[in-house]
Amino acid sequence: MRKQFVSTLIEIADSDSRVVLLTADLGFMVLEPFAQRHPDRFFNVGVAEANMISMAAGMAHEGFIPFCYSIATFASMRGYEQFRNGAALHNLPVRIVGIGGGFAYGSAGFTHHALEDIALMRVQPNVGIVAPADDAQVERVLRDHYARPQPMYLRLAKDSATHPELEGRFRWGHLEVIGEGDVVILAIGSMTGVALEARRRLQAERISVAVAVVASIAPAPTKDLVALLASKNACITVEDHRPIGGIGSLVAETIADHGLGTRLVRRGISDPPGESSGSEEFLRQRNGLDVEGLVTLVRQTAMIPA
Amino acid sequence: MAHGDIARTLGSVQVRRSIINQSKRAHVGHIGSALSIADILVALFSRVMNTDEDVFILSKGHAALALYCVFEQLGVIDQKTLDTYCADDSHLGVHPEHALPGITFSTGSLGHGPSLGSGVALARRMAGTRGRVFVLISDAELNEGSVWEALMFAGHHKLDNLCLILDNNGQQALAPTADVINLSGIATAVQSLGWECDRVNGHDVAELARILEVRSVGSPRFVIADTIAGKGVSFMERQVRWHYLPVDDEQHALALREIG
């Protein structure tokens, strides 16, 4: 997704001179094409995220559209107050691009695991939050929404992904639903691939599952959620994020606010701080975020009487 | 606004009287900081800045009362609006809000102004926009790491449309700055990061204007304005407690008499 992000941003920057790319010294073997194509609009600000995020507000005030690139933990947290008091307070089109949600930087350890970035961003009322499921969605989001007036947080997976079922669909404030079923899995970002694989496995067991991709986290796809969940007995949220503050919370809030009777099962990252590290695959498995873990969860959930 | 008109209507004495009066009416402190920057603001707004194209950021937002009093004298806000200082449903809080005319960025949390200013300065250089960016910071604000991130960036990128003014009053919320974090070597520090550094008596409006009008070429400018917290009111000068305390009736009358 990083490469898709950069190649699309280059094309947008070709035709819109307001687009600027800032990085806090990350993006080796990723950002070079932008730097070469638009050297006058590329700045490595150094390992200084707070300055990057505030500076972006200053630049946006002057009419630019700055993209601030870093690993999701640093991008979302090191300049958080700067984002709150800068771009969010003044409603400026700053885009924070957080790379690698959840365990994407697996063995790099806890300091590199973005477990609460969505929670932090969701409490800012005017910040758009987007977690694309695949490269085609990355391209759609950027092309259609890069110039929106409000600030935005983009949570991008490190690796490339393609989900043909999605056909690159992305609509601001909406869900993208794949298939139909008694049980629905709501997934974000790279968990979409896990959810779709679980769906294929369960089809063989004659358990029908719909997968709803929550790429537009804010604005929340509230209408779509209510319409989808009203007819379902149970739903499962799956996210490489803490179960608090992400889409598990979003769906719980929606169910409560609209008096829905849908049973909700939230699956997220429950490892305590200080747990041992490892590959993304290993860490996901430990948290039940792998295909097998999700299949088991759906089987259990499908057996819950209505 | 033409400079000549402003010079006639903006004066340090009137700004100081206004600070004392508003602080008394609202029963709110931060008087020492406001009095400390009064002359810097008078110099900037009456003689240095062209408010049509220059940008001012009060990074030490807690001294906003001084800025409101300057705005009232310049006619940016009226007396009625100034009289809402710290009242309910007012945009004139202790710290400045961008909803108020003349305020480009809301501030209050220290250490944001230098980065915001660097962003504006960089953007203006890229776009070829005229005008300078002035950021007023406090000496205690230098404790914030983000200030140093901005100092490094602006120095490296030679943002010569950026001018940081240090309100060097030697005092912070709990103690003299020299006792908290000694920054007596600040000039050398910023020079080593690529800034042109100058020093001025922060209560001499003519001298401030002369120094602030200078625009360096090829480097950002850092002006150390040596000031006195509570300047103009003898019992407030260099007194840490006047960072927070409001005035009572007797102190109010005495302060006005001293200011003249």
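Domain bounds here come from an automatic or database domain assignment, and in this predicted model that assignment divides chain A into domain 1, covering 2–156, and domain 2, covering 172–302. Between the C-alpha centres of domain 1 of chain A and domain 2 of chain A there is a separation of 25 Å, and the contact draws 23 residues from domain 1 of chain A and 24 residues from domain 2 of chain A. On the side of domain 1 of chain A that touches domain 2 of chain A, at least two residues each are supplied by helix 6 (117–122), strand 5 (128–130) and helix 7 (135–145) of chain A. Sorted by class, this side of domain 1 of chain A comprises 12 nonpolar, 8 polar and 3 charged residues.

Turning to the sheet, chain A has 7 strands that form an open sheet with mixed pairing, in the order 2-1-3-4-6-5-10. Strand 2 (42–44) and strand 10 (216–218) of chain A each have a single partner strand and stand at the edges, so one side of each is left without a neighbour in the sheet. On average, and with direction ignored, neighbouring strands of this sheet are turned by 20° against each other.

At the end of the order that holds strand 10 of chain A, this strand pairs with strand 5 of chain A in the antiparallel sense over 2 bridges, and A:Ala218 in strand 10 of chain A is the bridge partner of A:Ile129. Helix 3 (residues 49–61) of chain A packs on the sheet, where it touches strand 1 (19–23), strand 3 (65–71) and strand 4 (95–99) of chain A, and the direction of helix 3 makes about 165° with that of strand 3 of chain A.

Definitions and conventions. Residues numbered from 1 in each chain as written. Chains lettered and ligands numbered in written order. Predicted model: local features only at pLDDT ≥ 70, side-chain atom pairs only at ≥ 80, totals over all residues. Contact = placed C-beta atoms within 7 Å. Helix = DSSP H or I, 4+ residues; strand = E, 2+ residues; numbered from the N terminus. Nonpolar A, V, L, I, M, F, W, Y, C, P; charged D, E, K, R; others polar. Pairing = 2+ DSSP bridges. Axes fitted to C-alpha atoms, helices over the stretch in contact; angles between N-to-C directions.
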